[in-house]
Amino acid sequence: MKTPRWLLFPVLVAGLAWGGEAAPLRLTHQQALRLGLTNLLQARIAREIREQLRQAPEAEKGIFDWQLGASATNGRLEFGEINPRFSGLASLYLTEFNTTQDIRSASLGLSKLDAFGGTVSLTFNTGFNASSFIVNNQTLPTGPAASLAFGTVNPYSGTANLSYSQPLLRGFGRSVTEAKLRAALEEAKGASEGFRTRMQELLTQVDNLYWDQVYAHQNLENKQVALKLSQAHLQEDQEKVNSGMLAPIELPQVEATVAERERQLLSAQALLDNAKAALLETLFPDGDRPGSLDLVDAPVPGPEPLPLAEAKAKAMAHRPEIGQAQYSLAANRSLEQAAHNALLPRLDSQVAVIRDTTSHSDVNAVFNDWSQGKYPGYFVGLSFSFPIQNRTSRARMAQARSAIRGSQYLVQDTLTTVNLDVEQAFNFLITARKQVEAADKALEFRKQSLDAEMSKLENGMSTPFFVLQRQEELDQARTADLEARIGAEKAQTNYARAMGTLVETAE
């Protein structure tokens, strides 16, 4: 069940601000992932591809549908003069023979293929075939000596036929007749797994964009703090210079630091603007989007990761790539059964029950003959055929076996790749969490170092140069701490992707 869109936004758009811009949308990390499941253009494309592949089994089921056929014809043939000058009587008679033939026919039939390869069919054929003849005999060119006209008396006839044809060798059995259908069903299941794979990739992309904006926003705040510290320090030093407590030679270093912090602030602002644009364009591709995004979640260490052994077991059960490879193998096995059957000779049996009619002067009599079964008949037969070299079937069998081996290798390779992927994701996550702990400690020590350097400066035991160094070190520590926390968040998402649970986590 899809989550209603309005539930994704605790605060959506309250109206337009006085400046004419839409109110910012407060968005949690979970809400961003849910939006990614529904809004991303690539997600929509993936759904359409999945739907196309899901229709393949329905197309294959069509071979078992009843087939209705009907036809009707109407025609006339007229023959020109026939002068039998080779009859030996040309010296005595001149004969004109004119023929008009009317032909009409109608047929109706039903046929169906069953699961074992047999075909049952029921057909009705009725027709009208009438000819009229006019014969003019002349002894002299000036006029006829005799004339004769006659035509078909009973032009209507028909046939009813109920037949069944069953392959006994090639083409026999459900494994053969339903081979393409079963392969299509397996491929449709694989399409669903392929869709989950694609959605995991897209969710990872959304996750990265979310945390990239969080990083850019926090980085901008850090640069603002660093600039304020350097500006305050410059102001204090200027006052000390004015009061004679500090030599003017110390000011250029501080002023250079302020200018560098201003440059860093501009870069941080550009980074934030680009991160906002990327996330907005990705989550709201249709253009109906808020003015900005207010990201709620901060990068904090999550719960302890699942142990590696359990994570690998979960990945074996949930990674869509494994399921997709296994479904492909099952599809190729179904096709291999059909290819193996095609190596057999063709031996088909036919059985038919026939209801014929005699010729009649009207069509109602034809139907009476059918209903009363006046002229019954039957037909039983066998037909055999086999290509001597059978190169086509043997080549297709070799192709089918090669496809199975390839699918088996793909399954093995996918299992190996997934196993390694989980282990690497686990190691990255563990390392990232340790880096957060180390960065937190380093940040705290840098804060203490700056406080100590400021105290030494107040007591005349340090210089502005060393204070600026401690400030720069603190700024770098803040950046490193932020990067470590963002890295841990991304590693956590990557670990969920490696286990194959990222889509379920976002839903």
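## Overall make-up

The chain of this predicted model has 12 helices and nine strands. Of its 507 residues, 36% are buried. Among the contacts in the chain with a separation of 6 or more, 79% are accounted for by residues 24 or more positions apart.

## Aromatic pairs and the cluster

Seven aromatic pairs are present in the structure. One of them joins Phe116 and Phe172, whose ring centres lie 6.4 Å apart with 35° between the planes, a tilted arrangement.

Elsewhere in the description of the rings, Phe124, Phe367 and Trp370 come together as one aromatic cluster.

## Charged groups over rings

Two arginine side chains are placed over phenylalanine rings. The charged end of Arg50 sits over the ring of Phe195, at 4.0 Å from the centre of that ring. Arg174 lies over the face of Phe116, where the distance to the ring centre is 5.8 Å. Phe116 thus has Arg174 over its face and is also a partner of Phe172 in the tilted pair.

## Packing of helices

Helix α1 (residues 29-39) and helix α2 (residues 41-54) have axes that come within 6 Å and cross at roughly 50°, which makes α1 oblique to α2. On the α1 side the contact is made by Gly36, Leu37, Thr38 and Asn39, and on the α2 side by Leu41, Ala43, Arg44 and Arg47. Sorted by class, the residues in this contact of α1 with α2 are three nonpolar, three polar and two charged.

Helix α7 (residues 308-318) packs with helix α11 (residues 464-499) at an angle of about 50°, and the axes are 7 Å apart. At that angle, α7 is oblique to α11. Leu308, Ala311, Lys314, Ala315 and His318 of α7 make the contact together with Tyr495, Ala498 and Met499 of α11. By class, the contact of α7 with α11 holds six nonpolar residues, one polar residue and one charged residue.

## Asn222 in helix α5

Asn222 is located in helix α5 (residues 179-243). Its relative accessible area is 7%, so Asn222 is buried, the cut-off for that class being under 20%. When residues up to four places away in sequence are not counted, Asn222 touches Asp475, Arg478, Thr479 and Leu482. For one of these, Thr479, the separation along the chain is 257 residues, while the C-alpha atoms of Asn222 and Thr479 are separated by 7.6 Å.

## Arg433 in helix α10

Arg433 is located in helix α10 (residues 391-458). With a relative accessibility of 15%, Arg433 counts as buried. Residues up to four places away in sequence being set aside, Arg433 touches Pro301, Gly302, Pro303, Glu304 and Pro305.

## Glu262 in helix α6

Glu262 lies in helix α6 (residues 251-283). Because its relative accessible area is 38%, Glu262 is classed as partly exposed. Leaving aside neighbours within four places in sequence, Glu262 is in contact with Leu227 and Gln231. The C-alpha atoms of Glu262 and Gln224 are 8.6 Å apart in space, and the two residues are 38 residues apart in sequence.

Terms used:
Residues numbered from 1 in each chain as written. Predicted model: local features only at pLDDT ≥ 70, side-chain atom pairs only at ≥ 80, totals over all residues. Heavy atoms only, no water. Phe/Tyr/Trp six-rings, centres within 6.5 Å; stacked < 30°, edge-to-face > 60°. Lys NZ or Arg CZ within 6 Å of the ring centre and 35° of its normal. Axes fitted to C-alpha atoms, helices over the stretch in contact; angles between N-to-C directions. Helix = DSSP H or I, 4+ residues; strand = E, 2+ residues; numbered from the N terminus. Parallel < 35°, antiparallel > 145°, perpendicular 65-115°, else oblique. Contact = heavy atoms within 4.5 Å. Nonpolar A, V, L, I, M, F, W, Y, C, P; charged D, E, K, R; others polar. Buried < 20%, exposed > 50% of the residue type's maximum accessible area, 1.4 Å probe, protein only.
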